[in-house]
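Here are my notes on this one, jotted down as I went through it. Have the model open beside you while you read.

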Amino acid sequence: MSGDKKAGGLGGVIVATALPYREDASAPAGLAVDYDRYAEHCRWLVDNGCRGVGPNGSLGEYSSLTDEERRRVARTAVETVGADGVVVVGVHGPGSHQAKHWAELAAEDGADGVLCLPPTMYRANPGEVIAHYEAVASAGLPVMVYNNPIDTKVDLTPGLLAEIAQIDGIVAVKEFSGDVRRVLEIREKAPGLEVVAGADDVTLEALLMGATGWFAGFPNVFPAESAELYDLAVKGRLEEARALYEPLVAAFRWDSRTEFVQAIKLGMDQVGRYGGPCRPPRGPLTAAHREGVTADMARAIEALQRRAA
């Protein structure tokens, strides 16, 4: 899917962007955000067929940024992508007042939408979750809610999503539970809500069940191939989609593991991009993890090279 805002909604391939750092002893953890390199990366993703970018997600290490850095990252994405793609800014926060604040800043800075987890660092009950999203939606941008029960311990079930979908401005859900049975159930219970694949290693399955987007991690590594996979899937060209997807899935599985940020950054390094280090609490990969990522990525790269030949 081309980087075109006119495609509608918050569907298509939107990349949860990894964030590059450069060494700087005066910066937090000795690592300063490299905004120029980040801008170049956002441009590269859109130029390679992705519809847009998602700054300040978990993959973008939003929780390790200062407030000033976090806003500048979002602004950099908006300024770089411009009219050529959509920018969906992560506005995750412990409480509704924090998340609403980030949503208001995203609106002020020209974002096209926001991505929002339930309250972080607290296992909110359904009423608190609904109040959280009412506050975020009041900022005025389209909201993609984010179901990641693994990390938040709050499960946005299809029944709860049906209630959340009644809030004006809630337009989509990034579904990261890994249970592809939910795609059809969400569409049944909340028919106006776009379902967006959230876990890279069940993307094809989710798209074949009717998901209309992919909010993705590994397109940081393989943007053109990911955009092609999305197009094949939504057009129902299953054999071609499977042939492209199967060699990539072993690498994609790292998107659902604890070390996903480090793994995707290492994958970027392997294809000649710049991934680089992470800020704490994320440390370097263990030798075993590094070996696993390298091997899975090597198989994916080899398969794509054979396909191109």
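1. A word on terms before the pocket: a pocket here is an open set of grid points with protein on both sides within 12 Å along at least five of seven lines. Keep in mind that this is a predicted model. The largest pocket comes out at about 830 Å³. It has 35 lining residues, and those closest to its centre are Ser-58, Tyr-62, Asp-151, Phe-260 and Arg-282.

2. Which helix gives the largest share of the lining of the largest pocket? That would be helix 5, with three residues. Helix 2 and helix 3 are on the list too: like helix 5, each supplies at least two residues of that lining.

3. On to the fold. Eight strands form a closed barrel in the order 1-4-5-6-7-8-9-10, and the pairing is parallel. Neighbouring strands of this sheet are turned by 25° against each other on average, direction ignored. For a close-up, take strand 6 (residues 113–116) and strand 7 (residues 143–147), which pair in the parallel sense over three bridges. Cys-116 has Val-145 in strand 7 as its bridge partner.

4. Helix 2 deserves a look of its own. Its 15 residues, 67–81, reach 22 Å from the first C-alpha to the last, close to the 21 Å expected. The buried residues of helix 2 include Val-73, Ala-74, Ala-77, Val-78 and Val-81, but also Glu-69, Arg-70 and Arg-71. What do they pack against? The partners are strand 3 (31–33), helix 1 (35–47), strand 4 (52–54), strand 5 (86–90) and helix 3 (96–108). Just after helix 2, Gly-82 takes a positive phi of about 55°.

5. Most residues other than glycine have a negative phi, and most peptide bonds are trans. Asn-56 is not a glycine, yet has a positive phi of about 65°. Lys-153 likewise has a positive phi of about 65° without being a glycine. Lys-153, in the loop between helix 5 (149–152) and helix 6 (158–164), is partly exposed because its relative accessible area is 48%.

6. There is a cis peptide bond as well: it joins Pro-280 and Pro-281, with omega about 15°. Pro-281 is found in the loop between helix 11 (260–270) and helix 12 (287–308). Both prolines are touched by Ser-64, which also contacts Glu-69, Arg-279 and Arg-282. Ser-64 is in the loop between strand 4 and helix 2; it counts as buried because its relative accessible area is 14%.

7. The largest cavity has a volume of about 80 Å³. Strand 9 (residues 194–197) gives the most to its lining, with three residues. Among the lining residues are Glu-175, Asp-179, Val-195, Val-196, Ala-197 and Val-202.

Definitions and conventions: Residues are numbered from 1 along each chain as its sequence is written. This is a predicted model: local features need pLDDT of at least 70, side-chain atom pairs count only at pLDDT 80 or more; totals for chains, interfaces and linings use all residues. Side-chain values use heavy atoms; hydrogens and water are left out. Helices (H or I, at least four residues) and strands (E, at least two) are DSSP runs, numbered from the N terminus. The expected span of a helix is 1.5 Å times one less than its number of residues. Buried means under 20% relative accessible area, exposed over 50%, partly exposed in between (1.4 Å probe, protein chains only). Contact means heavy atoms within 4.5 Å. Two strands pair if DSSP finds at least two bridges between them. Axes are lines fitted to C-alpha atoms, for helices over the stretch in contact, and angles run from 0 to 180 degrees between N-to-C directions. On a 1 Å grid over the protein atoms alone, a cavity is a set of points where a 1.4 Å probe fits but cannot get out, and a pocket is an open set with protein on both sides within 12 Å along at least five of seven lines; lining residues have an atom within 4 Å of a point. Grid points are joined across faces, edges and corners, and a volume is the space filled by probe spheres set on the points. Lists of a residue's contacts leave out its neighbours within four places in sequence.
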